[in-house]
Amino acid sequence: MIVDVHGHLVPAELLTEIPKQQSKLPSLRLIEAGPGLALAFASGKPSRPIMKGLSDTAGRIAWMDKQGIDRQVVGSWPDWFGNELPAAEGETWCRFVNEMQLAAAKAQPRFVPLASVPLQDGVRAAAVLKAAIAAGFPGAMIGTLPRGIGSVLDAPDLDPFWKAADETGAVIHIHPAFDAGDVRVNDYGLANGAGRVTDAIVAVARLLCSGHLMRYRNARVFVPIGAAGLPFIIGRLKRNHAITPGIGDPVEGLGMLYTDTIVHDPRVLRFVVEMIGADRIMLGSDMPFPIGDEEPTKIVANAGLKPEQVASINGGLAAKLFRLA
C-alpha cells in the first residue's frame, strides 16, 4: 500500500455549509462566495481565495490513481485553521470543520483525515483533539503560529493540548505558516522556497529545546519538509545545548520526529535518511499546492535506498502510524 501522508482537503460540502454557520460564528467574515471563497477570522487579515484543487475530490483521486497512491492523509488548509477567532468560536469552527472532514473521508475512504483544533485555547484544543480521536481521526494538523505572528507552540497554556496528544497517542502534524512575519521572503517566491522552512525550523527547535517532545513522548510529532531543515543544523543545536544550561537535548528530540519526503532532491533525502533514519520518513506530496511534489514516488526511487527502506517510506511506516488497514 502506497500512502501519501501530506495532503490538504477542503470538502466542497464545507464551502456550501459555511454561510449557514454564520449565526454561530459572528467573528467570521465571508469575503466572497462561491469557489473562490476567502475568509477573515476576527481581526486577522483575509485569507487567500481558496484554490480549486483543495475541493476537487475527483481530480485528487485521479491524480492518486496516476501516481499509484492508495491512501492520502489530508488536513485542512492552514489559512483556515481559524486560530484568530475568539476561543469559543474557534472551538465551534474546528468542530464544524472536523465534522465536514470526517464526512468527506467516509464518502471517499481513500482519504485519511486529520483534525483541526483551536490552539488559541489549550484546554479547548485538548477537548477537541480528544473528541476527534474518539471519532476516528488519527491526529491533527496544526500550524506553527498558534496565536499569529510571534506566537509559540511551547507556550505553557498549551500544555493541556500536548498532554491530550500524549494521552491519546495522536499524530500531530506541525505545518509551516505561509506568512510568519518575515518580510524578506515576500519576493522571488521565497515565502514557499525558504520562508516555510525557516518558520518551521524555529517553531520546532523550540519544542526540542523546551523538552516538549520528551515530556509528551507518546505524541507522534510530524514535521514536513525533511524535518524542516533540523537535520542540517542539529550540530549547532547540540553545541547550543552544551553551552546553554537547562534546555532539552535536541539530538534526542530530533530522533523522535517523523517527517516526509518533500525535499525535491534525492541527495537531500539521502541525507535526511542518514540523519534520522528511514523508519522516521514517509512519502509526502503537499497536494494540491504547486510547491509540493506532484510525483512523490520518484524521489524515493531515485535516492539509492535499500528496498526495505523504500517499502517503509512509501507506505509501511504510514500504515502503522496512522493505523491503516
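For charged pairs I took a salt bridge to be a side-chain nitrogen of Lys or Arg within 4 Å of a carboxyl oxygen of Asp or Glu. I noted at the outset that this is a predicted model, in which local features need pLDDT of at least 70 and side-chain atom pairs count only at pLDDT 80 or more, while totals for chains, interfaces and linings use all residues. Residues are numbered from 1 along each chain as its sequence is written, and side-chain values use heavy atoms, with hydrogens and water left out.

**Entry 1: salt bridges**

I looked up glutamate 167 and found it paired with lysine 130, with 3.5 Å between the closest N and O atoms. Glutamate 167 belongs to helix H5 (residues 159–168) and lysine 130 to helix H4 (residues 122–135), so the pair ties together parts that are 37 residues apart in sequence. For accessibility I called a residue buried under 20% relative accessible area, exposed over 50%, and partly exposed in between (1.4 Å probe, protein chains only). Glutamate 167 is partly exposed at 46%, and lysine 130 is partly exposed at 40%.

Salt bridges that share partners join Glu91, Arg95, Asp121 and Arg124 into one network. Within it, I looked at glutamate 91 and arginine 95, whose side chains meet at 3.0 Å, N to O; both lie in helix H3 (residues 87–107), four residues apart, about one turn of the helix. Glutamate 91 counts as buried at 16% relative accessibility, whereas arginine 95 counts as partly exposed at 35%.

I then turned to aspartate 179, which forms a salt bridge with lysine 45, the closest N and O atoms lying 2.9 Å apart. Aspartate 179 sits in the loop between S7 and H6, and lysine 45 in the loop between strand S3 (38–41) and helix H2 (57–67), so this pair ties together parts that are 134 residues apart in sequence. Aspartate 179 is partly exposed at 32%, while lysine 45 is exposed at 62%.

**Entry 2: nonpolar cores**

I defined a nonpolar core as a set of buried Ala, Val, Leu, Ile, Met, Phe, Trp, Tyr and Cys residues joined through side-chain atoms within 4.5 Å. The largest such core has 76 residues, and those with the most contacts inside it are Trp80, Trp93, Leu129, Trp162, Ile172 and Ile174. A second, separate core of 16 residues includes Phe81, Leu114, Phe222 and Met282.

**Entry 3: backbone**

I kept in mind that most residues other than glycine have a negative phi, and that most peptide bonds are trans. Tyrosine 188, in the loop between strand S7 (171–175) and helix H6 (190–210), has a positive phi near 65° and is exposed, with a relative accessible area of 77%. Aspartate 286 also has a positive phi, of about 65°, although it is not a glycine; it lies in the loop between S10 and H12 and is buried, with a relative accessible area of 9%. Finally, I found that the peptide bond from methionine 287 to proline 288 is cis, with omega near 15°, and that proline 288 lies in the loop between strand S10 (281–282) and helix H12 (296–301).

Definitions and conventions:
Helix = DSSP H or I, 4+ residues; strand = E, 2+ residues; numbered from the N terminus.
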